[in-house]
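Hi,

Here is the structure we talked about. Please open it before you read on.

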There are 2 protein chains.
Amino acid sequence: MKNIAEPAKDSLIIYSGGLDSTTLLYEERKRISLAVTFDYGSNHAAREMACAKYHCEKLGIEHLIIDLNFIAKHFTSSLIAGAEAIPEGNYAESNMRSTVVPFRNGIMLSVACGLAESRHLDRVLIANHGGDHAIYPDCRPEFIRAMDEAMHAGTYQKVNIAAPYTHITKADIVRRGAELGIDYTQTYSCYRGGELHCGRCSTCRERHEAFKNAGLTDPTTYEN
Amino acid sequence: MKNIAEPAKDSLIIYSGGLDSTTLLYEERKRISLAVTFDYGSNHAAREMACAKYHCEKLGIEHLIIDLNFIAKHFTSSLIAGAEAIPEGNYAESNMRSTVVPFRNGIMLSVACGLAESRHLDRVLIANHGGDHAIYPDCRPEFIRAMDEAMHAGTYQKVNIAAPYTHITKADIVRRGAELGIDYTQTYSCYRGGELHCGRCSTCRERHEAFKNAGLTDPTTYEN
């Protein structure tokens, strides 16, 4: 007899292996049928993917890597232009705008939506958060809302988006993750993609700030 | 001195090489900076792409082919499952539903949107038409409207969609194209992807009906 307390596996998660989506993976693990990592040739893809693989294996969740190589070939962004192109300093618009991969979340959500429809799943999870709004237009609530409507209208399944971190900060996210006992040393954020987190790029600084603001010890080993 | 009557090249077109998008290519040629053909491993991709290449060269428009090979690998649809999987008969939901590539227009529009943002273009053309609504949820006006909003909200450029055929029929489209003198023998529709149009699959029938309903001679050579 099926345990009625067990939720249905109705969800697919867009899962990078970073801090935010790893937290969402653990929070929603009971409903997740498939985790999808998109490889768009970013400097830190290999490091992130190794982390994604680790957590999916640990939780027994199917993990799929989708290659979006056309992004590296035809799009403009410092995130795919090599480690030297990544700016240093705080996580502010002036620093980070060059790292924007145009409409990245739109592309990942669309492909995830088609995959969900193919597998009869009707819920796509994405871990965009409040701190990203200023810099990334495709992380904002108005984008998520319209995209959700498009996916709902454009599928037989009436696929919808769940983006539970849209209005909270990265500090809130690590606080939730710490309560779940997530090992954050097995997540990767640095936009430079080195062996260790560089500690100087804005993503490393944002990561460190999140632990600090959450009142937690940052378990990350930084280069400097 | 720049001729002020000449419109700005502000548009990118999603261009398959089929009858509908070829008509749109000719109608909007003065504003089109880039034509993008998506290869998702459909049975008729090679035939369509040869037609797309022909018209782009003729009009002097840059033509880009984007490989979406993850669709053939991971999605479910008879359109990518070989010629034998394509149903025969009229263009009705019962026949055509198996040919739906889940959220195909959502995926093509998202990638086109990111490309447009990369190239500082702010208008994406797509040739979805009224006859497709019943079968393809991602051809319907409510999908196009929501997706347009998502692209607008999710980009710095505020990219928008122009889908001028959303409310007209394929017969209306070929009537417009005939006025422009388009050579429709250089377009390809058959979902089977053979040397000649098969004349039996629903897409061939739809093509033939369009010319008939427009009061035009169908210039296509069919197998039977």
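Below is what I found in it, from the single chain up to the pair.

First, the ground rules. This is a predicted model, in which local features need pLDDT of at least 70, side-chain atom pairs count only at pLDDT 80 or more, and totals for chains, interfaces and linings use all residues. Residues are numbered from 1 along each chain as its sequence is written, while chains are lettered from A and ligands numbered from 1 in the order in which they are written.

**Confidence**

pLDDT is the predictor's confidence in each residue, from 0 to 100. Chain A has a mean pLDDT of 90, and 91% of its residues reach 70 or more. For the complex, the predictor gives an ipTM of 0.91 and a pTM of 0.92. Where pLDDT is low, the predicted coordinates should not be read in detail.

**Chain A**

Chain A has 8 helices and 5 strands. These are DSSP runs numbered from the N terminus: helices are H or I with at least four residues, strands are E with at least two. Along the sequence the order is β-α-β-α-β-α-α-α-β-α-β-α-α. The C-alpha trace spans about 55 × 40 × 30 Å along its principal axes. The radius of gyration of chain A is 17 Å, which agrees with the value near 17 Å for a compact globule of 224 residues. That radius is taken over C-alpha atoms, and the globule rule is 2.2 Å times the number of residues to the power 0.38.

Buried residues make up 50% of chain A. A residue is buried if 20 or more other C-beta atoms lie within 10 Å of its own, exposed if 12 or fewer, and partly exposed in between, with C-beta atoms placed from the backbone. Two residues are in contact if their C-beta atoms, placed the same way, lie within 7 Å. Of the contacts in chain A with a separation of 6 or more, 68% join residues 24 or more positions apart.

One example is Asp39(A), in strand β2 (residues 32–39). It counts as partly exposed because it has 17 C-beta neighbours inside 10 Å. Leu68(A) is 29 residues away along the chain, yet the two C-alpha atoms are separated by 5.7 Å.

**The core**

The largest nonpolar core holds 122 residues. Such a core is a set of buried Ala, Val, Leu, Ile, Met, Phe, Trp, Tyr and Cys residues joined through C-beta atoms within 7 Å. Among the members that touch the most others are Val36(B), Ala112(B) and Val124(B). Ile14(B), in strand β1 (residues 11–14) of chain B, is buried, with 23 other C-beta atoms within 10 Å. Beyond four places in sequence, its contacts include Val36(B), Ala112(B) and Val124(B).

**The pair**

A rotation of 180° with 0.0 Å of shift along its axis superposes chain A on chain B, at an RMSD of 0.0 Å. That is the relation of a two-fold axis. In chain A, the C-alpha nearest the axis belongs to Ala146(A), 2.7 Å away.

Best wishes

Notes
Copies are superposed by least squares on the C-alpha atoms of residues with pLDDT of at least 70 in both.
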